[in-house]
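Please look through the sequence and the 3D structure shown here.

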Amino acid sequence: MLLLLSVACLIQFLRAYQPVWIGWSFVCAGLASSIKPPAMLLTAACVFVVLLKTRRYSPFTGRIVFWSMVGLMVPTAIFALYLFKFHVIHDFVATATELIPYYASVQRQSLSKLLGLIHQPIRLGQLALAFFLLNRSWRCTSSLVLLAATLCGFAIYVLQGKGFVYHMYPVITFVVLWLILEVEKSLRQNSPWVLASGGLLLFIVVKLSIVSLSQERSAVYPMGTYKNLEQDLIALDIPDLSGHIQCLDMTMGSCINVLYRLKLVQSTGYISDFYLFPNKPTPLTN
């Protein structure tokens with residue numbers, strides 16, 4: 001959602017040509033990057049497209065860079081104050097230099113597997129590209145921004161290399177928006193493509209709704225384990241359980257979520273069993 005707001009601010013800048021919207025875009029991007037650092041790649045690429053399209057207007061180039069820096073300073077300051085307030089600067093550095101590189105190296109999928117998991121977004125992207133070319137949308141900066149956002153969302157998904165569902169969200173979000181924009185352009189044109197575009201848009205909405213509902217029904221989160229474990233831990237009535245408990249299941253087992261809700265810290269400080277039992281010995285787990 002933060003990335004979506006970031007791109008929305010950029011498009012608002014293109015409509016109003018008020019550089020302050022660039023600042024708001026980087027505020028959202030900076031907050032998103034505090035959760036997932038590669039998120040900054042998406043906004044940076046979109047702003048680069050905007051700079052290319054507005055380079056003829058020299059006053060805007062300097063203002064865009066200025067407001068980009070101002071906007072980025074806000075979440076950076078918030079993040080730094082958070083680390084300082086809770087005295088976790090050392091933990092943050094250790095996590096960034098030890099845990100994250102290790103985590104990024106495990107459970108990686110092959111490129112063919114990653115592409116297979118997002119075959120539907122890829123098809124939507126091909127369809128959007130076809131309309132993009134038919135509409136000659138390379139002349140429209142908003143279309144180019146959404147194209148850049150879609151490609152960066154895809155790049156972020158591939159770079160993470162794990163194929164998790166939530167890693168697909170950026171590419172799915174922006175490819176659908178890009179496609180809707182291109183279909184909407186075709187609908188406004190007086191051409192034989194108008195009727196086909198309207199029918200296609202209706203088909204996409206119905207198809208995505210059916211797929212989403214079927215996936216929701218077939219992938220129900222196992223709340224039974226979650227509730228039972230929470231009740232068991234509460235029944236123990238041990239005041240100093242925090243720091244003396246450790247999860248040995250994956251996320252769907254609900255242990256991590258239960259400890260989070262009960263504000264219990266695990267003995268290792270880590271959150272999943274594959275940190276404790278790696279396939280190959282690592283300095284981190286040793």
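The largest nonpolar core has 38 residues, and of these Val-7, Leu-42 and Cys-46 touch the most other members. A nonpolar core is a set of buried Ala, Val, Leu, Ile, Met, Phe, Trp, Tyr and Cys residues joined through side-chain atoms within 4.5 Å. Buried means under 20% relative accessible area, exposed means over 50%, and partly exposed lies in between (1.4 Å probe, protein chains only). At least two residues of this core come from each of α1 (2–16), α2 (20–35), α3, α4 (58–85), α7 (119–134), α8, α9 (169–187) and α10 (193–218). Helix α8 gives the most, with eight residues. A second, separate core has ten residues, among them Leu-233, Leu-241, Cys-255 and Ile-256.

The model is predicted: local features need pLDDT of at least 70 and side-chain atom pairs count only at pLDDT 80 or more, while totals for chains, interfaces and linings use all residues. Residues are numbered from 1 along each chain as its sequence is written, and side-chain values use heavy atoms, with hydrogens and water left out.

As for the whole protein, there are 13 helices and zero strands. Both kinds of element are DSSP runs numbered from the N terminus: helices are H or I with at least four residues, strands are E with at least two. Of the 286 residues, 35% count as buried. Contact means heavy atoms within 4.5 Å. Among contacts between residues at least 6 apart in sequence, 68% join residues at least 24 apart.

Helix α8 covers residues 141–160, which is 20 residues. From its first C-alpha to its last, α8 reaches 28 Å, close to the 28 Å expected at 1.5 Å a residue; the expected span is 1.5 Å times one less than the number of residues. Because 15 of its 20 residues are buried, α8 is largely enclosed by the rest of the structure. Just after α8, Gly-161 takes a positive phi of about 70°.

What does Leu-42 touch, not counting residues up to four places away in sequence? The list is Leu-3, Val-7, Ala-149, Cys-152, Gly-153, Ile-156 and Phe-174.

Helix α3 (residues 39–54) also holds Thr-43. Is Thr-43 buried or exposed? With a relative accessible area of 0%, Thr-43 is buried. Leaving aside neighbours within four places in sequence, Thr-43 is in contact with Leu-3, Ser-6, Leu-10, Ser-25, Phe-26 and Ala-29.

Beyond four places in sequence, Lys-53 touches Trp-138, Arg-139, Thr-141 and Leu-144. Lys-53 and Leu-144 are 91 residues apart in sequence, yet 9.6 Å apart in space, C-alpha to C-alpha.

Now for the surface. The protein exposes about 17600 Å², and carbon and sulfur atoms supply 68% of it. Accessible areas come from the Shrake-Rupley method with a 1.4 Å probe, and for residues only the protein chains shown count as cover. Phe-84, Ile-89, Phe-92 and Val-93 make a nonpolar surface patch of about 390 Å². Patches are made of residues with over 30% relative accessible area and no salt bridge; like charges are joined within 9 Å, and nonpolar side chains (Val, Leu, Ile, Met, Phe, Trp, Tyr) within 5 Å. A salt bridge is a side-chain nitrogen of Lys or Arg within 4 Å of a carboxyl oxygen of Asp or Glu. Helix α5 (residues 89–105) gives the most to this patch, with three residues. Ile-89 is in α5, and Ile-89 is partly exposed, with a relative accessible area of 44%.
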